[in-house]
Amino acid sequence: HAFVEHEHRELARGINQLNDVARLVHEIAAPDLSREVAAVVQWVDDVLEPHTAWEELFLYPELDERAQTTWATRLMRFEHGQIRALVDRVRADLLGLHHEPSREEAQRLRADLLGLHALLRAHVEREEACLFPLLDLDLRSGIS
């Protein structure tokens, strides 16, 4: 339980970075913005994706066993797909930053970053509220 909570605290820094970069979209030049968005994508590759893989391979099966149903983590797995789709959009936005973005491109990038921020924040909160209590169940007795 402590390990999972520690993992989520580590994720918080990157999630907050999404909001910070979104605020910079209309404020800084394309080369600087490109570096900031590239840092977000690097965080996704280095931190978020390994965390998501760990949840899907190890944590969620454990939680499903404790709940005695795969429905316990079904929404979280679905949200992982939504997160990946938004990350793909941010990656595509980054490719467009080889020049100063048009107003529409900048708005799309900002919306994608803010959308990813909101989705990740809500996802983490749902895991903590709905799934983490399952970690306190004693599998031998079925009670907490």
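Let's start with T52. Buried or exposed? T52 counts as buried, because its relative accessibility is 7% and the cut-off for buried is under 20%. Keep in mind that this is a predicted model. T52 sits in helix α2. Setting aside residues up to four places away in sequence, T52 touches H80 and R84.

Now the chain as a whole. It has 144 residues, and 36% of them count as buried. How many helices and how many strands? Four helices, zero strands. Read along the sequence, that gives α-α-α-α. The C-alpha trace spans about 60 × 25 × 20 Å along its principal axes. Next, contacts in the chain. Take those between residues at least 6 apart in sequence: 76% of them join residues at least 24 apart.

On to one helix pair. Helix α2 covers residues 30–67, and helix α3 covers residues 71–95. Their axes come within 10 Å. They cross at roughly 165°. Angles over 145 degrees count as roughly antiparallel, and α2 and α3 are therefore roughly antiparallel to each other. The crossing of α2 and α3 is left-handed. What does the contact of α2 with α3 have, by class? It has 15 nonpolar, four polar and eight charged residues.

Between those two helices there is a loop, and Q68 lies in that loop. Look at the backbone of Q68. Its phi is positive, about 60°, although Q68 is not a glycine. As background, most residues other than glycine have a negative phi. The side of accessibility is simple. Q68 is exposed, because its relative accessible area is 73% and exposed means over 50%.

Next, the cores. In soluble globular proteins, nonpolar side chains tend to be buried together. Here, the largest nonpolar core has 26 residues. Which residues have the most contacts inside it? V37, L113, L116 and L120. The elements that give two or more residues to this core are α1, α2, α3 and α4. For reference, α1 is 2–24 and α4 is 103–131.

What does L120 touch, not counting residues up to four places away in sequence? I15, L18, W43, L48 and I83.

L120 also gives us a distance, this time to Q82. Their C-alpha atoms are separated by 9.7 Å, and the two residues are 38 apart along the chain. Q82 itself lies in helix α3. Q82 counts as partly exposed, at 33% relative accessibility.

N19 counts as partly exposed, with a relative accessibility of 24%. Which residues does N19 touch, again not counting residues up to four places away in sequence? L114 and H117. Then there is N19 with L63. They are 44 residues apart along the chain, and their C-alpha atoms are separated by 30 Å.

To recap. Four helices, zero strands. Helices α2 and α3 are roughly antiparallel to each other, and their crossing is left-handed.

Conventions
Residues are numbered from 1 along each chain as its sequence is written. This is a predicted model: local features need pLDDT of at least 70, side-chain atom pairs count only at pLDDT 80 or more; totals for chains, interfaces and linings use all residues. Side-chain values use heavy atoms; hydrogens and water are left out. Axes are lines fitted to C-alpha atoms, for helices over the stretch in contact, and angles run from 0 to 180 degrees between N-to-C directions. Angles under 35 degrees count as roughly parallel, over 145 as roughly antiparallel, 65 to 115 as roughly perpendicular and the rest as oblique. A crossing is left-handed if the near helix is turned anticlockwise from the far one by less than a right angle, and right-handed if clockwise. Ala, Val, Leu, Ile, Met, Phe, Trp, Tyr, Cys and Pro count as nonpolar, Asp, Glu, Lys and Arg as charged, and the others, Gly among them, as polar. A nonpolar core is a set of buried Ala, Val, Leu, Ile, Met, Phe, Trp, Tyr and Cys residues joined through side-chain atoms within 4.5 Å. Buried means under 20% relative accessible area, exposed over 50%, partly exposed in between (1.4 Å probe, protein chains only). Contact means heavy atoms within 4.5 Å.
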